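The following paragraphs lead the reader through a structure step by step. Please keep the sequence and the model in view while reading.

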Amino acid sequence: MSINALLAAVIAAASVQQQAAEPLAPPPAAATVPEVLAPPAPKLVLPKGTMVRLMVLKEVNSRDNRPGDRFVLRVDEDVRVGGVTVVPIGTKAWGEVVGVERTGGVGKSGKLNARLLYLEAAGQRIDLEGERQSAGSGGTGQAVAGVVAFGLFGLLMKGNNATLKAGEILNGYTLADTPMVSPHQ
Amino acid sequence: MILAALALVLVQQEQTVLPAGTSVRLATLAPIDSRSVKQGQRFALRVTEHVTVGSRVVIPRGTDAVGEVEALSGKGMFGKAARLTLAPLFLDVGGQRVNLVGTSVEKGHDATAGAAVTTVVVGAFGLIITGKSATVPTGSILFGRVRTDVALPQR
């Protein structure tokens with residue numbers, strides 16, 4: 001396409017828009033239907049793969065949680081599309097515990113496997129993906145050393161529980177293109 | 001407004017798809033120490049090598065990028081070392097956000113063997129020997145991979 005043709009097309013589009021903005025000639029056929037007069041809601045699309053920064057609100061760990069448990073997260077950073085905030089800070093999101101390995105008595109560390117489910121913005125669910133494997137720190141060697149050196153105190157150590165601490169940051173990614181209604185209406 | 005529309009059309013005409021999985025070599029711009037960072041904290045990175053698609057440079061060397069402290073385990077008792085997991089997050093090029101994946105783990109040295117030279121703190125339970133903190137010096141290399149296909153303007 002040549003530049004001239006392109007310019008012509010753009011100018012034509014602009015003038016069409018100007019005409020549309022003039023309320024001089026209401027469409028005769030639709031004049032009786034009031035909804036037609038309202039401007040169409042500007043649609044924004046939150047593209048697939050957009051990063052969403054999330055914060056864990058309540059600790060999830062390999063001791064108290066079971067597979068299937070849901071936990072709540074909070075959006076920690078505005079998600080914007082073309083300068084417009086479509087998912088504000090503070091929006092709730094949900095995750096799920098997928099697998100748990102309990103802490104063993106001999107110093108086996110606990111394991112926790114969790115995934116993100118979705119966030120709830122403007123009355124719709126936006127599916128998220130993102131996984132995190134959190135292994136508890138504390139190997140067999142150290143716990144044994146602890147038992148030897150500290151007696152009772154060492155026995156209580158066991159292996160550590162795997163945790164997603166409150167305040168911990170996880171990143172989720174949107175799973176599909178999602179049309180969003182602009183909040184500025 | 002016309003200019004913006006024109007620019008948009010031009011950008012859409014000349015774009016290259018940066019495929020998912022493309023490797024991006026990054027370097028840290030400041031030291032990162034397990035004692036002073038928090039989980040979730042972001043840090044600056046810079047692209048160290050041109051990223052090309054065919055013969056086109058789509059991400060030039062020197063492009064700024066952002067990484068994150070993905071996990072952090074503090075120095076433990078009994079000489080356990082700190083562990084720092086860093087992940088490249090994203091970079092912006094030509095007005096486009098490119099999300100990255102990848103992790104790099106830095107471990108401090110365990111201090112069980114040479115307890116004499118490590119930090120010794122007198123705590124509530126008596127003597128607590130701690131391991132070394134983990135430090136990632138300036139200029140450390142991280143590798144990121146492009147997370148999803150991204151359409152980028154040609155350069």
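In chain B, which has 155 residues, buried residues make up 32%. The model is a predicted one. The secondary structure of chain B consists of one helix and 15 strands. Among the contacts in chain B with a separation of 6 or more, 64% join residues 24 or more positions apart.

The pairing of strands may be followed in chain B. Strand 5 (residues 51-53) of chain B pairs with strand 6 (residues 56-59) of chain B in the antiparallel sense, over three bridges. Within this pair, Val53(B) stands opposite Arg56(B). The two strands form a hairpin with two residues between them, and Gly54(B) in the turn has a positive phi of about 65°.

Strand 8 (residues 83-93) of chain B and strand 9 (residues 96-101) of chain B are antiparallel partners, with four bridges. Here Asp92(B) faces Arg97(B) of strand 9 as its opposite residue. Two residues lie between the strands of this hairpin, and Gly94(B) takes a positive phi near 55°. Strand 9 of chain B is also joined by two bridges to strand 14 (residues 141-146) of chain B, and these strands run antiparallel. In that pairing, Leu100(B) has Val146(B) as its bridge partner.

Which residues have the most contacts inside the largest nonpolar core? This core has 26 residues, and the residues in question are Val24(B), Val47(B), Ile59(B), Leu84(B), Leu91(B) and Val98(B). Several elements of chain B give two or more residues to this core, including strand 2 (23-28), strand 4 (42-47), strand 7 (64-73) and strand 15 (150-153). Strand 8 of chain B gives the most, with five residues.

Arg46(B) is located in strand 4 of chain B. Is Arg46(B) partly exposed or buried? Arg46(B) is partly exposed, because 16 other C-beta atoms lie within 10 Å, whereas a buried residue would need 20 or more. Arg46(B) and Asp64(B) are 18 residues apart in sequence, yet their C-alpha atoms are 4.6 Å apart in space. Beyond its neighbours within four places in sequence, Arg46(B) is in contact with Leu26(B), Ala27(B), Leu29(B), Gly62(B), Asp64(B) and Ala65(B).

Chain A may now be considered. Chain A has three helices and 13 strands, and of its 185 residues, 28% count as buried. Residues 24 or more positions apart account for 68% of the contacts in chain A with a separation of 6 or more. One residue of this chain, Leu119(A), has its place in strand 8 (residues 111-121) of chain A. Leu119(A) counts as buried because it has 23 C-beta neighbours inside 10 Å. Leaving aside neighbours within four places in sequence, the contacts of Leu119(A) include Val52(A), Val87(A), Ala93(A), Ile126(A) and Leu128(A). Val75(A) is also in contact with Leu119(A); the two residues are 44 apart in sequence and 8.4 Å apart in space, C-alpha to C-alpha.

Key
Residues numbered from 1 in each chain as written. Chains lettered and ligands numbered in written order. Predicted model: local features only at pLDDT ≥ 70, side-chain atom pairs only at ≥ 80, totals over all residues. Buried ≥ 20, exposed ≤ 12 C-beta atoms within 10 Å, placed from the backbone. Contact = placed C-beta atoms within 7 Å. Pairing = 2+ DSSP bridges. Core = buried A, V, L, I, M, F, W, Y, C linked by C-beta atoms within 7 Å.
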